[in-house]
Amino acid sequence: RYIVPKAFPEFSDKRILAMSFEAGVAIDGEEVAALSLERRNKIACALLDLYFRELFLWRRVQTDPHFGNFRVRLGHNQQPDRLVLLDFGAVRDLPASFMKQYALLLRGTFHGERAQFESAAKELAVLEDTDPQELKELDIIANRALTKADKEALAQTDAQDVRKEQDRHDAVFKAKAAKKPT
């Protein structure tokens, strides 16, 4: 579902990340807007899947995730559309304390547990007592937006598989970092 341009370390430095050209169209462009709802939904799901993998598997997120850093390579002849991921040179590691609160916030939203949502949101400083009531009810809106199928799929997530994937990714990341010239 993703295309990551090849990095060229010999042409890169601390401020410049040189990468291969990868064809694609703007994610917010007319070509993508003209796609069927099903294809646009698959693109959106790929974006969300990437976001949650960054958060919960790798605990590293891209620090500049605007639409200019994503392109779509449109699929032809039964090939799926794919996201081209640009400018992932700047990432931020997420501390365990943040991830714990963020997971509690999502869990509270998912299970409709308002107290858990509010507590975690306040710990993360994204919600304050002085915020308007509409903002405090975002957990209810998000919970309603999750379909029954979404909830069933999320509930079947195997935590051990997630942990194994995270450990595998961490080992690969550390091996690559050890090989990178300074």
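These legends describe several close-up views of one predicted model.

In this predicted model, local features need pLDDT of at least 70 and side-chain atom pairs count only at pLDDT 80 or more, while totals for chains, interfaces and linings use all residues. Residues are numbered from 1 along each chain as its sequence is written, and side-chain values use heavy atoms, with hydrogens and water left out.

View 1. Helices (H or I, at least four residues) and strands (E, at least two) are DSSP runs, numbered from the N terminus. Along the sequence, they follow the pattern β-β-α-α-β-β-β-β-α-α-α-α-α-α. The chain holds 182 residues, and 27% of them are buried. Buried means under 20% relative accessible area, exposed means over 50%, and partly exposed lies in between (1.4 Å probe, protein chains only). A contact means heavy atoms within 4.5 Å. Of the contacts with a separation of 6 or more, 55% join residues 24 or more positions apart.

**View 2. Helix α2 covers residues 37-58.** It has 22 residues and reaches 30 Å from its first C-alpha to its last. That is close to the 32 Å expected at 1.5 Å a residue. The expected span is 1.5 Å times one less than the number of residues. The buried residues of α2 are I43, A46, L50, E54, L55, L57 and W58.

**View 3. Helix α2 packs against helix α3 (residues 96-111).** Two packed helices are described by the angle between their axes and the distance between the axes. Here the angle is about 130 degrees, and the axes are 10 Å apart. Axes are lines fitted to C-alpha atoms, for helices over the stretch in contact, and angles run from 0 to 180 degrees between N-to-C directions. α2 and α3 are therefore oblique to each other. Angles under 35 degrees count as roughly parallel, over 145 as roughly antiparallel, 65 to 115 as roughly perpendicular, and the rest as oblique. From α2, the contact uses Y51, F52, L55 and F56; from α3, it uses M99, Y102, A103 and L106. These residues divide into 8 nonpolar, no polar and no charged. Ala, Val, Leu, Ile, Met, Phe, Trp, Tyr, Cys and Pro count as nonpolar, Asp, Glu, Lys and Arg as charged, and the others, Gly among them, as polar.

**View 4. Helix α3 also meets helix α4 (residues 114-123).** Their axes come within 8 Å and cross at roughly 150 degrees. α3 and α4 are therefore roughly antiparallel to each other. On the α3 side stand Q101, L104, L105, R107, G108 and T109. On the α4 side stand Q116, F117, S119, A120, A121 and E123. The residues of this contact divide into 5 nonpolar, 5 polar and 2 charged. Within α3, the buried residues are M99, Q101, Y102, L105, G108, T109 and F110. Just after α3, G112 takes a positive phi of about 70 degrees.

**View 5. R59 and Q78 are residues other than glycine with a positive phi.** For R59, phi is near 55 degrees. R59 sits in the loop between α2 and β3 (60-62). At 26% relative accessibility, R59 counts as partly exposed. For Q78, phi is near 70 degrees. Q78 lies in the loop between β4 (70-73) and β5 (82-85). Its relative accessible area is 82%, so Q78 is exposed.
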